[in-house]
2 protein chains.
Amino acid sequence: MAEPLFRRLTLLGIGLIGSSIARIAAERGDLAAEVVANARTQATLDRVMELGIADRVELDPVRAVEGADCVILCAPVGAYAVLAEAIAPHLAPGCILSDVGSTKQSVIRDVGPLVPEGVHFVPAHPLAGTEYSGPDAGFVTLFEGRYTLIVPPPGTDEEAIERVAALWRRCGSMVERMEPAHHDRVLAIVSHLPHLLAFTICGTADDLADESRSEVLRFAASGFRDFTRIAASDPVMWRDVFLNHREALREMLARFLEDAQAMARAVRWGDAGYIEDKVERGRKIRRSLIELKQA
Amino acid sequence: MAEPLFRRLTLLGIGLIGSSIARIAAERGDLAAEVVANARTQATLDRVMELGIADRVELDPVRAVEGADCVILCAPVGAYAVLAEAIAPHLAPGCILSDVGSTKQSVIRDVGPLVPEGVHFVPAHPLAGTEYSGPDAGFVTLFEGRYTLIVPPPGTDEEAIERVAALWRRCGSMVERMEPAHHDRVLAIVSHLPHLLAFTICGTADDLADESRSEVLRFAASGFRDFTRIAASDPVMWRDVFLNHREALREMLARFLEDAQAMARAVRWGDAGYIEDKVERGRKIRRSLIELKQA
């Protein structure tokens, strides 16, 4: 077995992503010699101990990060600023502070200025997830074959970046580096906008008269069913993603709404060529994804 | 084995749905004593014979329906009017004419007036499908546990309705009867609008600059990936659904766009409560679906 990458790895938040990292660390043994888990409630920490996926649990984030050489924020991004403010003065010199949040410009803006001299701040984002949440939802193969994007602010220590990359490679991820603004734009279209649309269509269906609504549920066909799966994700996480990702999300949503209006117009005027072209493009994109083995 | 429901069952169109019915008929033996398949091209019919899923193939729809006591339109709904005009004078007295299209008011409007005296017109719609098409795409379990909606115009012969219902029950479906206008409204929200949104978001992504587009594909996260699966469906079928379903689809799209604009506004103003409520409703609807065993 390879030498553990870290002596003490602290996970601040132990939901789907955090508990998957913890499970991998427990199984492989070469991520960290010791894993410390922190969560907002003792009940969650009790469950973590029952599951046996961390060496130690701490309700106080300050105690959780003491002596750690790697701390990963695995809470919803809206909780980062408060957490970072609390722990920053207690991070050991040379410690790496990383995260797994879906937005990166807001994280760099909120957390960056709090990071003390001598601590390396290396934001990251594993592109992996399911619609389940909590410490029971994690599993060791969650990151396998999926990309993890490392999104460091300019001037970040290269050795610290390499150690975070090594951690994710040991989790089974393919690692890529990306600029923060570019990351947020790409994620807006591949993840945040689809989720926003899925949440919206569930609301639209829910607003229909009572009788129609029960029929909508009863006869849910493949399209709607797939949307509800996307829409079943963690509410607090997604609220925070939307609120911390306004610019890129609003740009993509504006483009999408223009395109949806154009489609509505084509339906009204019976423009068969336009409609067929759009549907054909959907197929083409699906084929490209299959070729890239991301489908 | 039960007596076959029909002596000769003719399938006009032998794609995903038609070839699934043919496979079930071949396997069970109690749908029809003989199955005749028709398609637009001889190549498709040659493939049907290779697959061994029909007793006979006919390129000419008129010859295909001769002597049949049940004819099912399994082509895209846009092809129904031309097909129905060609076959109507050649349908045997007492024959049942049915279909599997996703829109029902347009089918009743286009096909109904062409149906000769003594022929029973029983429109139906199996709520089942995949993103694949063509005679190779069908499979015997496609309709299992899925609803088939029987949507007869007023005054339709009850015995004919019962025989179509029996056919779908033997295919594994749960059968329900529904009013045409109500059917189209429910389907607009559970199927047609989700597909329209999925096609649109693929177009929006495809319109991004070349560099971003390749990254969109490479880093396709779960939301977008699920949309591309929905968007990979048959272009001609969907073009026809949209064009034959303008009113209900435009009503649902207008509701949805209002809701999406409200969500965009909540994102702009940082209205956490509104966003959380919408996301929570997505979860609730997903849970209801799971309870109804439609997820």
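The C-alpha centres of domain 1 of chain A and domain 2 of chain A lie 30 Å apart. Domain 1 covers residues 6-178 and domain 2 covers residues 182-291, with bounds that come from an automatic or database domain assignment. This is a predicted model, in which local features need pLDDT of at least 70 and side-chain atom pairs count only at pLDDT 80 or more, while totals for chains, interfaces and linings use all residues. Residues are numbered from 1 along each chain as its sequence is written, and chains are lettered from A and ligands numbered from 1 in the order in which they are written.

The two domains of chain A touch through 14 residues of domain 1 and 16 residues of domain 2. Here two residues are in contact if their C-beta atoms, placed from the backbone, lie within 7 Å. On the domain 1 side, 5 of these residues are nonpolar, 7 polar and 2 charged. Ala, Val, Leu, Ile, Met, Phe, Trp, Tyr, Cys and Pro count as nonpolar, Asp, Glu, Lys and Arg as charged, and the others, Gly among them, as polar.

Next comes the sheet of chain A. Its 6 strands follow the order β3-β2-β1-β4-β5-β6 and pair in parallel, and the sheet is open. Strands (E, at least two residues) and helices (H or I, at least four residues) are DSSP runs, numbered from the N terminus, and two strands pair if DSSP finds at least two bridges between them. β3 (56-57) and β6 (120-122) of chain A are at the edges; each has a single partner strand, so one side of each has no neighbour in the sheet. Strand β1 (residues 6-12) of chain A is joined to strand β2 (residues 32-38) of chain A by 6 bridges. In this region A:Phe6 stands opposite A:Ala32 of β2(A).

Now turn to the helices. The axes of α7(A) and α11(A) come within 9 Å and cross at roughly 65 degrees. Axes are lines fitted to C-alpha atoms, for helices over the stretch in contact, and angles run from 0 to 180 degrees between N-to-C directions. The crossing of α7(A) and α11(A) is right-handed; a crossing has this hand if the near helix is turned clockwise from the far one by less than a right angle, and is left-handed if anticlockwise. Among the residues that make the contact are A:Ala188, A:Ile189 and A:His192 of α7(A), and A:Met252 and A:Phe256 of α11(A). By class, this contact has 9 nonpolar, 1 polar and 2 charged residues.

In chain B, the axes of α7 (residues 180-207) and α11 (residues 246-269) come within 9 Å and cross at roughly 65 degrees. The crossing of α7(B) and α11(B) is right-handed.

Where do the two chains meet? The contact takes 77 residues from chain A and 77 residues from chain B. On chain A, the elements that give two or more residues to it are α7 (180-207), α8 (210-218), α9 (222-231), α10 (235-243), α11 (246-269) and α12 (272-291). α7(A) gives the most, with 19 residues. The chain A side has 44 nonpolar, 14 polar and 19 charged residues.

One helix pair spans the chains. α12(A) and α10 (residues 235-243) of chain B pack at about 135 degrees, with axes 9 Å apart. That angle makes α12(A) oblique to α10(B), since angles under 35 degrees count as roughly parallel, over 145 as roughly antiparallel, 65 to 115 as roughly perpendicular and the rest as oblique. The residues that meet include A:Ile275 and A:Val279 in α12(A) and B:Trp238 and B:Phe242 in α10(B).
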